[in-house]
Amino acid sequence: MNSSLPEAFVKSIPLPDDERVRLEEAIGSKAPVSIRINTKKAALLKTSQGVPWHPHGYYLAERPRFTSDPAFHAGAYYPQEASSMFLYHIVTGMQLHEAPINVLDLCAAPGGKSTLLRSVLHPESFLLANEVVGSRVNLLEENLTKWGIPGFAITQSDPSRFARVPEFFDLVVVDAPCSGEGLFRKDINAVNEWSQQNVEMCASRQQQILAGVWPALKPGGILVYSTCTFNELENEANMQWLLDQYNAEPVPLGNLPEGVIESTYGGGKGYRFFPHRIRGEGFFTAIVRKNGNSRESKPEKGRLQTIDGIFDSPEITAAVSDAGDVHAVVPAHLAVLAKLQKALNLRHAGLPVGKWSKGQFKPNHGIVMLYNSIFRLPLLTVNIEQALSYLKREDLGLSLPERGVYKVVFEGLALGLGRYDGHRLLSQYPMDWRIRTAASTEYRPIVKALH
C-alpha cells in the first residue's frame with residue numbers, strides 16, 4: 001500500500017492483500033461525481049450513467065460548479081455520493097415506502113438521506129430530520145426547504161432525548177459520525193488526522209448514539225445503521241454489540257447490486273462498498289429489527305394551530321407556531337407534531353413558508369420551493385445572468401410595471417421571492433444561502449423543469 005496511508009489503517013481493512021492494492025489505487029484516483037434528481041421538480045436533461053441502486057441517481061462526466069447552477073439552488077437535484085444512495089435500495093426492498101410510517105433520520109445534516117427519504121416514502125409518512133449540532137441544523141433546513149416536499153419536521157436534540165418519545169418510530173436511520181476512512185479520496189486531511197485512538201473514540205460514540213435512540217424505535221421497527229468508514233470496529237463490531245445488548249435481530253438484504261460486498265459478523269450481515277469494486281466511496285450499512293411487542297398506543301392529544309386560505313390543496317395545510325412561524329404540513333401530521341413539540345427541541349414543525357403577524361401572512365422563501373404550492377404570485381422570468389445576480393442578492397437592474405412581491409423563475413424553476421419597490425427588484429433570497437463566490441455564466445444545464 002501507499003506509504004502515505006497509515007500502516008495501522010491498512011491492516012484494519014478487511015480485504016485480502018491483493019485487493020488492498022486495488023483499493024489503494026482507487027483511493028489515489030479521481031472521485032466520481034453523482035447527483036440525485038428531484039422528480040417532483042425536474043428531469044435529467046441528457047443521458048448519463050445511472051447509479052445501480054437508485055433509479056434517479058446519475059453519474060456526471062465531470063464536476064460542475066454547482067453554485068453557478070440556478071437549478072441546484074431551486075432544489076431540482078442534490079449532489080450526493082453514490083454509495084449513500086443505497087438507502088433507497090433498503091427502503092424499497094423492504095417495502096417500507098408502501099404505507100404511512102414514522103421515520104427518524106437521527107444524524108441528518110446536511111440532508112442527503114433526509115431528502116432521499118422524503119422522496120421515496122409514502123406521501124403521508126412522517127419524517128423527522130434531527131441534527132444535534134446547531135450550525136449544521138441551518139444547512140439541513142436549507143436543503144430540505146429547497147427540496148420542497150412537505151411531510152417533515154426538523155429537531156435539534158441529543159440522541160438520548162428521544163427516550164421521551166418511546167416506541168414512536170417505525171424506521172430509524174443512523175448515519176453515524178465516524179472516522180471517515182471511506183472519504184480519504186475526497187479529503188486528504190482525513191488521512192493526516194487518522195489514528196487508531198480516533199477510531200476507538202468514534203466506535204464508542206456510535207454505541208452511545210445507538211443506545212440513546214433505541215427506546216424510540218417501535219418493537220418490530222427497523223434500524224438502518226451506516227458509516228463512511230472501512231474498519232470493523234465501527235461497523236460489524238458495533239452491530240454485534242447492538243445485538244448483544246438489546247433485543248434485536250439482523251435483517252438480511254436480497255438482490256444485491258454487483259460490486260456490493262456482503263460481510264458477516266456473529267449474528268448477521270453487513271454490506272460494504274469499496275471504491276475499487278463500485279463507482280462510489282467507502283461505505284458500510286446493516287439493518288436490524290427490534291423484537292418484542294408494542295404497547296397499546298394512546299391517541300395523540302392536541303393539534304397545532306392552523307390557518308385557512310394559504311394553500312388551495314388538500315395535501316398540505318399551514319400550521320402556525322406561538323411565535324408566528326408558518327410551516328407547510330401534511331394534515332395527518334398535526335397531532336404528531338404537537339406531541340414532538342413537547343418532547344424535543346423542535347426547530348421547524350414542517351417546511352417553513354412564512355410568518356403570521358397581525359392577522360396577515362407574510363411569505364418567505366419556502367413558499368415557492370414547495371413543489372405543489374398553489375400560492376399565487378406574479379411571475380418574473382430571468383435569464384442566467386439575472387438569476388445569478390438574484391442568487392447573490394444583487395440588483396438585477398430591472399424596471400417592472402407594478403410594485404409588489406414576485407416569484408423569480410429561471411427556465412421553469414422557482415428560485416425565490418423578489419420585491420419591486422418602484423425603482424429596483426430587491427432579492428429576498430435568504431441572506432445565509434446567497435452565492436458568495438464568483439459565479440460562471442457559462443451555463444451548462446443538467447436538468448430541465450417538469451412544468
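Leaving aside its neighbours within four places in sequence, with which residues is glutamine 386 in contact? In this predicted model, where contact means heavy atoms within 4.5 Å, glutamine 386 touches Thr381, Leu396 and Leu398 beyond those neighbours. The residue lies in helix H12 (residues 384-391), helices (H or I, at least four residues) and strands (E, at least two) being DSSP runs numbered from the N terminus. Glutamine 386 counts as buried because its relative accessible area is 18%, where buried means under 20%, exposed over 50% and partly exposed in between, with a 1.4 Å probe and protein chains only.

The model is predicted, so that local features need pLDDT of at least 70 and side-chain atom pairs count only at pLDDT 80 or more, while totals for chains, interfaces and linings use all residues. Residues are numbered from 1 along each chain as its sequence is written, and side-chain values use heavy atoms, with hydrogens and water left out.

Helix H8 (residues 196-213) packs with helix H9 (residues 236-245) at an angle of about 35°, and their axes are 10 Å apart; axes are lines fitted to C-alpha atoms, for helices over the stretch in contact, and angles run from 0 to 180 degrees between N-to-C directions. Ala203, Gln206, Gln207, Leu210 and Ala211 of H8 meet Asn238, Met239, Trp241 and Leu242 of H9.

An open sheet is formed by three strands in the order E3-E1-E4, with antiparallel pairing, where two strands pair if DSSP finds at least two bridges between them. Strand E1 (residues 33-37) is joined to E4 by three bridges, and isoleucine 35 has proline 79 in E4 as its bridge partner.
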